[in-house]
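Open the model in your viewer and keep the selection panel at hand. Each stop below gives a selection and says what is there.

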Amino acid sequence: MYSEKVMDHFNNPRNVGEIANPSGVGTVGNAKCGDIMRMYLEIDDDGIIKDVKFKTFGCGAAVATSSMATELVKGKNIQQALEVTNKAVMDALDGLPPVKVHCSLLAEEAIHAALWDYAEKNGIVIEGLEKPAADIEEKIAEEY
């Protein structure tokens, strides 16, 4: 059973689309379930995420976690965005069924992948950011 917030973000997703010339873009997926999430970030000179968009191919939970993740990072600085975890996404959605927890991990990794791309493009190191995996299946196995 999905919470009202999950259903709201699935039925009325926020920040859907693409950003032309993004500061960073990250694409992650889960080969096992087929979900693919792409996140676009527009980061200003002060390191603030001014805009964020996503495109997700997947189930309702994947769409809802993508939508919520964009809401959680918009207006934040890079370090604050890096601290958005899959647990934070799930908590903001009032939980997910256990079989859909991987969707929140996909959202966390999409943020990290977009930040990684931003760092690569700008020749900077973001403290605490590790190179994200394109397929989160290995991370799921490690954490669960």
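**Stop 1: the Gly 95 loop.** This is a predicted model. Select Gly 95 first. Gly 95 is partly exposed, because its relative accessible area of 27% falls between the 20% and 50% cut-offs. The residue sits in the loop that joins helix 4 (86–92) to helix 5 (101–122). Show its contacts beyond four places in sequence: Ser 3, Val 6 and Met 90. Gly 95 and Ala 20 are 75 residues apart in sequence and 33 Å apart in space.

Stop 2: Select Phe 10, which belongs to helix 1 (residues 4–11). Its relative accessible area is 36%, so Phe 10 counts as partly exposed. Together with Phe 10, they make a nonpolar surface patch of about 250 Å².

**Stop 3: salt bridges.** The model has seven salt bridges in total.

- Select Asp 8 and Arg 14. Their side chains form a salt bridge, N to O 2.6 Å. Asp 8 is partly exposed at 30% relative accessibility. Arg 14 is partly exposed too, with a relative accessible area of 25%.
- Select Asp 44 and Lys 50. Here the salt bridge has an N to O distance of 3.6 Å. Lys 50 is partly exposed, at 48% relative accessibility.
- Select Lys 87 and Asp 91. The closest N and O atoms of this salt bridge are 2.9 Å apart. Both residues lie in helix 4, four residues apart, which is about one turn of the helix. Asp 91 has a relative accessible area of 46% and is partly exposed.

**Stop 4: helix 5.** Select helix 5 from end to end. Does its length agree or disagree with 1.5 Å a residue? The 22 residues should span 32 Å, and the end C-alpha atoms are 32 Å apart, so the length agrees. Colour by accessibility next.

Zoom in on Ser 104, which is in helix 5. Is Ser 104 buried or exposed? Ser 104 is buried, because its relative accessible area is 0%, under the 20% cut-off. Display its surroundings, leaving out residues up to four places away in sequence. Ser 104 touches Thr 65, Asn 86, Val 89, Met 90 and Leu 96. Met 90 is also among the contacts of Gly 95 from the opening stop.

Step past the end of helix 5. Gly 123 follows, with a positive phi near 60°.

**Stop 5: the nonpolar core.** Select Leu 41, Leu 115 and Ile 126. Within the largest nonpolar core, which has 38 residues, these three touch the most other members. Which elements supply at least two residues each? They are strand 2 (35–43), strand 3 (49–57), helix 2 (60–73), helix 3 (78–82), helix 4 and helix 5. Helix 5 gives the most to this core, with twelve residues.

Finish on Ile 126. Set aside its neighbours within four places in sequence and list what remains. Ile 126 is in contact with Ile 78, Gln 79, Leu 82, Leu 115, Tyr 118 and Ala 119.

Note on methods:
Residues are numbered from 1 along each chain as its sequence is written. This is a predicted model: local features need pLDDT of at least 70, side-chain atom pairs count only at pLDDT 80 or more; totals for chains, interfaces and linings use all residues. Side-chain values use heavy atoms; hydrogens and water are left out. Buried means under 20% relative accessible area, exposed over 50%, partly exposed in between (1.4 Å probe, protein chains only). Contact means heavy atoms within 4.5 Å. Patches are made of residues with over 30% relative accessible area and no salt bridge: like charges are joined within 9 Å, nonpolar side chains (Val, Leu, Ile, Met, Phe, Trp, Tyr) within 5 Å. Accessible areas come from the Shrake-Rupley method with a 1.4 Å probe; for residues, only the protein chains shown count as cover. A salt bridge is a side-chain nitrogen of Lys or Arg within 4 Å of a carboxyl oxygen of Asp or Glu. A nonpolar core is a set of buried Ala, Val, Leu, Ile, Met, Phe, Trp, Tyr and Cys residues joined through side-chain atoms within 4.5 Å. The expected span of a helix is 1.5 Å times one less than its number of residues.
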